[in-house]
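Trainee: Could we go through this structure together? I would like to begin with its surface and then turn to individual elements.

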Amino acid sequence: PIQQLKHYEDSTNILVFICNLHGGQIPGKLYQYSATKKKILFILDGTAEEISIIKKYYDKFNRYYFCENNAESIRKTVQELLLDSSVNNEVLECFSSQNIVKNILQNKTGDNIFD
């Protein structure tokens, strides 16, 4: 149940995010996790091209610990994550629901698209 999952998420120091297997889609859970100050294990999956595009985009935020979707890569990255403090574990305001909606409703010049 969702309440039990919330209890587990609240009591952990590390959140785990797994990419979709196909299509390069990013589930909204990543944006929810990015609004915390917890470490985020970002498990990459999909085609090599999708993985490359996703990692290139999200790597620039210095917010995630990336690994491949296999036991050895996950184990190695979790060990590094427990010792590493070089990743910024701060809230990413650019992914807040308010900022997402604002960006959708405004064009590049900042004008409201409904004007």
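Predicted model: local features only at pLDDT ≥ 70, side-chain atom pairs only at ≥ 80, totals over all residues.

Trainee: What share of the residues in the protein chain is buried?
Mentor: Buried residues account for 28% of the 115 residues in the protein chain.

Trainee: And what does the C-alpha trace span along its principal axes?
Mentor: The C-alpha trace of the protein chain spans about 50 × 35 × 30 Å along those axes.

Trainee: How many positive and negative side chains are there, and how far apart do the centres of the two sets lie?
Mentor: The protein chain carries 13 positive and 14 negative side chains. The centres of the two sets lie 4 Å apart.

Trainee: Now the secondary structure. How many helices and strands does the chain have, and in what order do the elements run?
Mentor: The protein chain has 5 helices and 3 strands. From the N terminus on, the order is α-β-α-β-α-β-α-α.

Trainee: Let us take strand β2. Is it mostly covered or mostly open?
Mentor: Strand β2, residues 39–44, is mostly covered, and 6 of its 6 residues are buried.

Trainee: Which way do the β2 residues point?
Mentor: Lys39, Leu41 and Ile43 point one way from β2, while Ile40, Phe42 and Leu44 point the other way. All of these residues are buried, Lys39 included.

Trainee: Why the two sets?
Mentor: In a regular strand, side chains alternate between the two faces of the sheet.

Trainee: Which strands pair with β2, and in what sense?
Mentor: Strand β1, residues 14–18, runs parallel to β2 and is joined to β2 by 5 bridges. Strand β3, residues 65–68, also pairs with β2 in the parallel sense, over 4 bridges.

Trainee: Which residues are bridge partners there?
Mentor: Val16 has Leu41 as its bridge partner in β2. For Ile43, the bridge partner in β3 is Cys67.

Trainee: What is the handedness of the unit made by β2, α3 and β3?
Mentor: β2, helix α3 (residues 48–59) and β3 make a right-handed β-α-β unit.

Trainee: Where is Asn62 placed, and what is its phi?
Mentor: Asn62 is in the loop between α3 and β3. Its phi is near 50°, a positive value in a residue other than glycine.

Trainee: A different region, then. Where is Glu90 found, and what does it touch?
Mentor: Glu90 is found in the loop between α4 (71–83) and α5. Leaving aside residues up to four places away in sequence, Glu90 touches Ser34, Thr36, Lys37 and Arg63.

Trainee: What separates the C-alpha atoms of Glu90 and Thr36?
Mentor: Those C-alpha atoms are separated by 7.0 Å, although Glu90 and Thr36 are 54 residues apart along the chain. Glu90 is partly exposed, with a relative accessible area of 39%.

Trainee: Finally, where is Ile100, and which residues does it touch?
Mentor: Ile100 is in helix α5, residues 97–105. Not counting residues up to four places away in sequence, Ile100 touches Cys94 and Phe95. Ile100 is partly exposed, at a relative accessible area of 34%.

Key: Residues numbered from 1 in each chain as written. Heavy atoms only, no water. Buried < 20%, exposed > 50% of the residue type's maximum accessible area, 1.4 Å probe, protein only. Helix = DSSP H or I, 4+ residues; strand = E, 2+ residues; numbered from the N terminus. Pairing = 2+ DSSP bridges. Right-handed = clockwise from strand over helix to strand, strands pointing away. Contact = heavy atoms within 4.5 Å. Lys, Arg positive; Asp, Glu negative; His and termini not counted. Charge placed at Lys NZ, Arg CZ, Asp CG, Glu CD.
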